[in-house]
Amino acid sequence: MLFDSYKLKNTLLRNRIVMAPMTRSQSPGGIPTDEVASYYERRAKAEVGLIITEGVEVSHKASSAYPNVPRLDSSAARDGWRKVVKGIKKHDGAVIAQLWHCGGFRKTGMGPDPEVPGHTASGLVRPGKRVAHAMTAEDINETIEAFALDAKRCEEIGFDGVEIHGAHGYLIDNFFWGGTNEREDLYGGSIESRSQLATNIVKAIRSNVSDNFIIGLRFSQWKQQDYEARLASTPENLKKVIGPPAEAGLDYLHSSMRRFWESEFEGSKENLAYWTKKLTGLPTISVGSVGLDSDFIDMSAPASPANIDKVIRDILNSKYDMVAVGRALLADHEWVIKMKEGRVKDVIPYTQEALYKLY
Ligand SMILES: Cc1cc2nc3c(=O)[nH]c(=O)nc-3n(C[C@H](O)[C@H](O)[C@H](O)COP(=O)(O)O)c2cc1C
């Protein structure tokens, strides 16, 4: 089943293997280069079912926190993305752009406008550390509009959909997280209110794109600021976090984990993706050290290819619908074909070098 085709909304995927979004920082001036286009094309040609692009900074003054990350707000950047999409479509691949606002990871002095500070829900970048700008209602509205505008641009470019980056401690996750959201307006106060930013972004995108266009949301319990942090410690609370954006018009959810085999809640052995699917009924992507024998935290550690029998079984048992693969696909663009043919020994193992090259 893992290697059979799968229909996500109205887009037919060649199989259920998804390339995880991975920032490559190789797009000077926010413009994806020809090398970036070839890097994605190689993976589409080698049968990756769905490519989720690296995070693309949304067209908001405070979205950026890292150099050479691609954007959408110049015609040169959009032309770069057209080449990426064309290369993927040449091989009947599917591609979704991940839309990203870096929130509190931004510091003053960073481009494009060095005067602009990091923006967060309450000025907090982690619990107790208040060094960012607490967003006003106007800042929030501008941000929502930026997501909606960029989603429309992605549809015009030819992407099959967009994924809202709501994970890993960045802006949307900063709103989700009780440790950093102390707002008392409609964007804070209860678990459901902390989801309001995500919900309003989904609604704004939905009303700006056509019905066929896919909208996904990636979320995580863990944060880069705190690997042990959690948005929800029970399934009931998880439903309060992801239920409202799901109902606002999402087509899938992407449950970001570091180790996909770990249980999420006490008393059950099932992972976050299982609960996400069970609680929302939406197609769900699982992820986290798939096909590797080391986990996501120590990216400098080399990892050998490992078997993916558990993923195959989980999908057969409808525990989740798709699986995203990150580092294994960075190191070996033919990972899907080799796994499908049972050629595990031929897989090029992941090493840190893969982070710096666009193989
Ligand atoms: C180099 C690199 C860049 C990443 N960039 C992003 C990103 O832009 N957006 C995102 O949501 N996750 C990002 N991640 C996390 C991956 O999408 C994925 O969740 C993580 O690598 C775990 O999957 P893996 O164990 O298969 O590598 C990145 C990971 C790596 C290794």
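## Tyr 40, a buried residue

A residue is buried if 20 or more other C-beta atoms lie within 10 Å of its own. In this predicted model, Tyr 40 has 25 C-beta neighbours inside 10 Å, so Tyr 40 counts as buried.

Tyr 40 sits in helix H1, which covers residues 34-45. Leaving aside residues up to four places away in sequence, Tyr 40 touches Ile 51, Val 84, Gly 87 and Ile 88. Leu 358 is 318 residues away along the chain, yet the C-alpha atoms of Tyr 40 and Leu 358 are separated by 9.2 Å.

## The whole protein

The protein has eleven helices and 14 strands. Its C-alpha atoms fill a box of roughly 55 × 50 × 40 Å along the principal axes.

How does the radius of gyration fit a compact globule, and what value does the protein have? A compact globule of 359 residues would have a radius of gyration near 21 Å. The protein has 19 Å, which agrees.

Buried residues make up 53% of the 359 residues. Tyr 40 is one of the buried residues. Contacts across the sequence are also counted. Take the contacts between residues at least 6 apart in sequence: 72% of them join residues at least 24 apart.

## Around the ligand

How many residues surround the ligand? The number is 23. The closest are Ala 20, Met 22, Gly 55, Gly 326 and Arg 327.

By class, the shell holds twelve nonpolar, eight polar and three charged residues.

## Where H7 meets H8

Helix H7 spans residues 235-247, and helix H8 spans residues 272-280. Their axes come within 10 Å. They cross at roughly 65 degrees. Is the crossing left-handed or right-handed? The crossing of H7 and H8 is right-handed.

Which residues meet here? From H7 come Pro 235, Leu 238, Lys 239, Ile 242, Gly 243 and Ala 246. From H8 come Trp 275, Thr 276, Leu 279 and Thr 280. The residues of this contact divide into six nonpolar, three polar and one charged.

Technical notes. Residues numbered from 1 in each chain as written. Predicted model: local features only at pLDDT ≥ 70, side-chain atom pairs only at ≥ 80, totals over all residues. Helix = DSSP H or I, 4+ residues; strand = E, 2+ residues; numbered from the N terminus. Rg over C-alpha atoms; globule rule 2.2 N^0.38 Å. Buried ≥ 20, exposed ≤ 12 C-beta atoms within 10 Å, placed from the backbone. Contact = placed C-beta atoms within 7 Å. Near = placed C-beta within 6 Å. Nonpolar A, V, L, I, M, F, W, Y, C, P; charged D, E, K, R; others polar. Axes fitted to C-alpha atoms, helices over the stretch in contact; angles between N-to-C directions. Left-handed = near helix turned anticlockwise from the far one by under 90°.
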